[in-house]
Amino acid sequence: MKLIIQIVLWIAIVFLGWSLYNSITSTTRFNKQKEERYTQVIAKLKDIKKAQLAHQDVTGSFTGNFDSLVRFIDTAKFAITQRRDSSYADEAKNKAYGLDPKEGGYFVDVIVVDTLGFAPVKDSLFPGSTRYKDMMSIPESDAKFELAAGKLDKSGIMYSVFEAKVSKDVVLNGLDKDMIVQEKQTNSVDGVNGTHIKVGSMNDIDTSGNWPKLYDAKDKQ
């Protein structure tokens, strides 16, 4: 009986050890694959944000349609401007006080913006690259980002807003389901919080992404 108990205990120890090792390696493997996929998705969201900000700069608003956004990049141009200080005589005051502008008088200071030319948006944002034409597609998936745009009233002022997002279920498809459930509950300064990876917001004046700074640091390396 003693021998049997020892054998059973050893089997239990080996099983528990294997389970612990498998759990650790599975978590490590999941986190590695997750980070690789998140990096690709976030790179796309950064391109979408870049394109949307250019669209707002030129047209005054964001767009909720990817075809429209791609067409904008293909055809739109940035105005190249130059700002300079200038002034002009305030005729009303000079006349009221009997002053001659040539000998002093009142002048109004202004800033004049001169348009020097135009530069294609495509060349400014994506020089030598056409990746913007596929920025709506989720890497290694047939799915596409959800895109929305509109107006948000803040204290009586209307602001243009947009949001591009994708569910973590789509990004992590094929990985451990239990770990995906845990990942969707993430609430940490070092993690991508919430059920989606996104940039912008339809509920706030915000064009930032919900990923941690470590994903931005990779761009600088």
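Two strands are taken to pair if DSSP finds at least two bridges between them. Helices (H or I, at least four residues) and strands (E, at least two) are DSSP runs, numbered from the N terminus. The model is predicted, so that local features need pLDDT of at least 70 and side-chain atom pairs count only at pLDDT 80 or more, while totals for chains, interfaces and linings use all residues. Residues are numbered from 1 along each chain as its sequence is written, and side-chain values use heavy atoms, with hydrogens and water left out.

The protein chain contains 7 helices and 5 strands, arranged along the sequence as α-α-β-α-β-α-β-β-α-α-β-α. The C-alpha trace spans about 120 × 35 × 35 Å along its principal axes. The radius of gyration of the protein chain is 29 Å, whereas a compact globule of 221 residues would have a value near 17 Å; the radius is taken over C-alpha atoms, and the globule rule is 2.2 Å times the number of residues to the power 0.38. Of the 221 residues, 29% count as buried (buried, under 20% relative accessible area; exposed, over 50%; partly exposed, in between; 1.4 Å probe, protein chains only).

Three strands form an open sheet in the order β3-β4-β5, with antiparallel pairing. Strands β3 (146-154) and β5 (196-200) lie at the edges with a single partner strand each, so one side of each has no neighbour in the sheet. Strand β4 (residues 157-167) pairs with β5 in the antiparallel sense over 5 bridges, and K165 stands opposite K198 in β5.

The whole structure holds 9 salt bridges, each defined as a side-chain nitrogen of Lys or Arg within 4 Å of a carboxyl oxygen of Asp or Glu. One of them joins E183 and K34 (3.3 Å, N to O). This pair links distant parts of the chain, with E183 in helix α6 (residues 177-183) and K34 in helix α1, 149 residues apart. Both E183 and K34 are buried. A salt bridge also joins E163 and K165 (3.8 Å, N to O); E163 is buried at a relative accessible area of 11%, and K165 is partly exposed at 23%. K184 and D169 meet in a further salt bridge (2.8 Å, N to O). Here K184 lies in the loop between α6 and β5 and D169 in helix α5 (residues 168-171), 15 residues apart. K184 is partly exposed at 25% relative accessibility, as is D169 at 36%.
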